[in-house]
Amino acid sequence: MGFVHDCRVCGGPLYETPLLCFENMPAMAQNFPDDSQLAQDHGQDLTVCQCSLCGLVQLDCPPVPYYKEVIRAAAFSEEMRGFRREQFADFVSTHELQGKKVLEVGCGKGEYLELMQEQGVQAHGIEGGLEVVQASQSKPYHMRHDFLEKADQTLSDGPYDAFFMLNYLEHLPNPNETLRAIAHNLYPGAVGLVEVPNFDMIIRAGLFSEFINDHLFYFTKETLSDLLTRNGFELLDCSEVWHDYCLSAVVKKRQPSDLSHLKKIEANIKKNISDFLEPYASDEVALWGAGHQALANISLLKLQEHIAYVVDSAPFKQNKYTPATHVPIVPPDRLREHPVKAVIVMAASYSDEVASLLRRDYSREIEVAILREHGLERVE
């Protein structure tokens with residue numbers, strides 16, 4: 001009997017009908033009863049669900065009691081150690097991390113911290129299992145007992161230049177908070193390596209036995225990308241690795257967009273229009289266009305002080321005023337009834353059509369200019 005009815009990631013409702021139901025499954029993958037425990041060991045039903053909004057496949061059961069701890073049987077594989085050495089070397093080299101602080105989230109006994117340290121970084125790790133941390137105090141890397149479960153949680157030896165988290169994210173009941181906490185402890189622009197079991201491959205290969213209570217989530221490339229991007233990261237790459245069993249995502253901490261160039265463009269256009277308006281009195285200039293860009297330009301460039309009226313062909317805008325700046329909006333015939341000497345066209349994708357109409361139907365003595373991205377363009 002499950003207990004989760006909404007997606008743990010996006011909060012959307014799970015489909016009412018589960019995708020799969022399994023009976024008498026192991027209650028946890030790391031619980032191996034001995035002779036004295038067999039009578040108390042019981043199976044558990046397992047229900048595989050899917051979010052109806054983001055599509056993430058997940059279990060609706062509570063996490064296993066040891067979900068904060070990392071237990072790695074794969075660490076004993078020489079093939080895996082070789083793969084990780086090569087992977088870490090490439091990660092460190094590509095992102096120029098030599099000498100930088102790199103954090104492993106969920107580091108187990110430090111098996112991979114040791115390999116990362118070999119690449120010339122300052123390897124740090126946090127682990128939810130207290131005993132393994134206490135047993136690793138003499139190691140050459142930095143390892144501490146901790147678990148990131150609140151978005152604003154701060155690690156005392158941070159911030160870090162990079163992080164990695166390998167086959168751990170799928171165990172966590174609140175991955176949003178953990179990922180946001182990781183981002184909170186990174187320098188701007190820091191990179192990360194995140195791996196999870198590959199549900200795309202599980203589906204392709206028909207691996208029905210891959211479901212276990214330890215893994216609350218089953219990520220495809222699409223749903224893993226969605227989780228990472230909604231929690232403060234840009235996705236740089238996502239590929240299938242380790243015989244396609246894992247999805248390996250390289251991410252970068254998202255930074256605010258730099259829109260400073262827009263202010264430079266605004267200043268240039270403001271000067272451009274000011275130069276154009278200089279020979280004319282305010283009642284000698286009209287503006288054609290009452291779309292959102294034109295309305296914004298009137299406010300931003302304070303054009304209400306320099307134009308007589310705004311022309312627009314849409315009847316529902318005519319005989320009204322521009323919002324905030326209160327310039328009269330009039331039909332095109334006003335150009336004949338109360339002619340002006342110059343018209344600035346701000347009609348977005350219709351600007352060329354409007355300019356042609358002005359040249360065809362109105363006095364050729366009217367000076368016409370179109371507002372382009374680079375500034376005003378006079379129409380001959």
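Predicted model: local features only at pLDDT ≥ 70, side-chain atom pairs only at ≥ 80, totals over all residues.
Tyr 160 stands opposite Leu 186 in strand S8.

**Around strand S7**

Strands S7 and S8 (residues 186–197) pair in the parallel sense, and six bridges link them. Further along the pair, Met 165 has Val 194 as its bridge partner in S8. To get from S7 to S8 the chain passes through helix H4 (residues 175–184), and this β-α-β crossover is right-handed.

S7 also pairs with strand S4 (residues 101–105), again in parallel, this time over three bridges. Here Glu 104 has Phe 164 of S7 as its bridge partner. As a reminder, strands of a sheet pair through backbone hydrogen bonds, either parallel or antiparallel.

How many of the seven residues of S7 are buried? Seven of the seven, across residues 160–166, so the strand is largely enclosed by the rest of the structure. In a regular strand the side chains alternate between the two faces of the sheet.

The buried residues of H4 are Pro 175, Asn 176, Thr 178, Leu 179, Ala 181, Ile 182 and Ala 183.

S8 is mostly covered too, with nine of its 12 residues buried. Besides its parallel pairing with S7, S8 is joined to S11 by seven bridges, and these two strands run antiparallel. One of the contacts in this pairing puts Pro 197 with Cys 246, its bridge partner in S11.

| Strand pair | Sense | Bridges |
|---|---|---|
| S4 and S7 | parallel | three bridges |
| S7 and S8 | parallel | six bridges |
| S8 and S11 | antiparallel | seven bridges |
| S1 and S2 | antiparallel | four bridges |

**A four-stranded open sheet**

Now to another sheet. Four strands form an open sheet in the order S1-S2-S3-S9, and their pairing is antiparallel. Strand S1 (20–25) and strand S9 (217–218) stand at its edges with a single partner strand each, so one side of each has no neighbour in the sheet. S1 meets strand S2 (residues 44–50) through four bridges. Within this part of the sheet, Cys 21 stands opposite Thr 47 in S2.

**Backbone details worth a look**

Most residues other than glycine have a negative phi, and most peptide bonds are trans. A few places in this chain depart from that pattern. Which residues does a cis peptide bond join? Gly 158 and Pro 159, with omega at about -5°. Pro 159 belongs to the loop between strand S6 (142–145) and S7.

Asn 167 is not a glycine, yet its phi is positive, at about 50°. Its relative accessibility is 26%, so Asn 167 counts as partly exposed.

Lys 302 is another residue other than glycine with a positive phi, near 55°. Its place is the loop between helix H8 (292–300) and strand S13 (309–311). With a relative accessible area of 42%, Lys 302 is partly exposed.

**A nonpolar patch on the surface**

Turn next to the surface, where Leu 259, Leu 262 and Ile 265 form a nonpolar patch. Together they have about 260 Å² of accessible area. Leu 259 sits in the loop between strand S11 (246–253) and helix H7 (260–277). Is Leu 259 buried or exposed? Leu 259 counts as exposed, because its relative accessibility is 51% and the cut-off for exposed is over 50%.

**The whole chain**

Finally, step back to see the chain as a whole. There are 10 helices and 18 strands in it. The C-alpha trace spans about 100 × 50 × 35 Å along its principal axes. What radius of gyration does the chain have? The value is 31 Å, whereas a compact globule of 380 residues would have one near 21 Å. Of the chain's 380 residues, 46% count as buried.

Key
Residues numbered from 1 in each chain as written. Heavy atoms only, no water. Patch = residues over 30% accessible without salt bridge, like charges linked within 9 Å, V, L, I, M, F, W, Y side chains within 5 Å. Areas by Shrake-Rupley, 256 points an atom, 1.4 Å probe, with all protein chains shown as cover. Salt bridge = Lys/Arg side-chain N within 4 Å of Asp/Glu carboxyl O. Buried < 20%, exposed > 50% of the residue type's maximum accessible area, 1.4 Å probe, protein only. Pairing = 2+ DSSP bridges. Right-handed = clockwise from strand over helix to strand, strands pointing away. Rg over C-alpha atoms; globule rule 2.2 N^0.38 Å.
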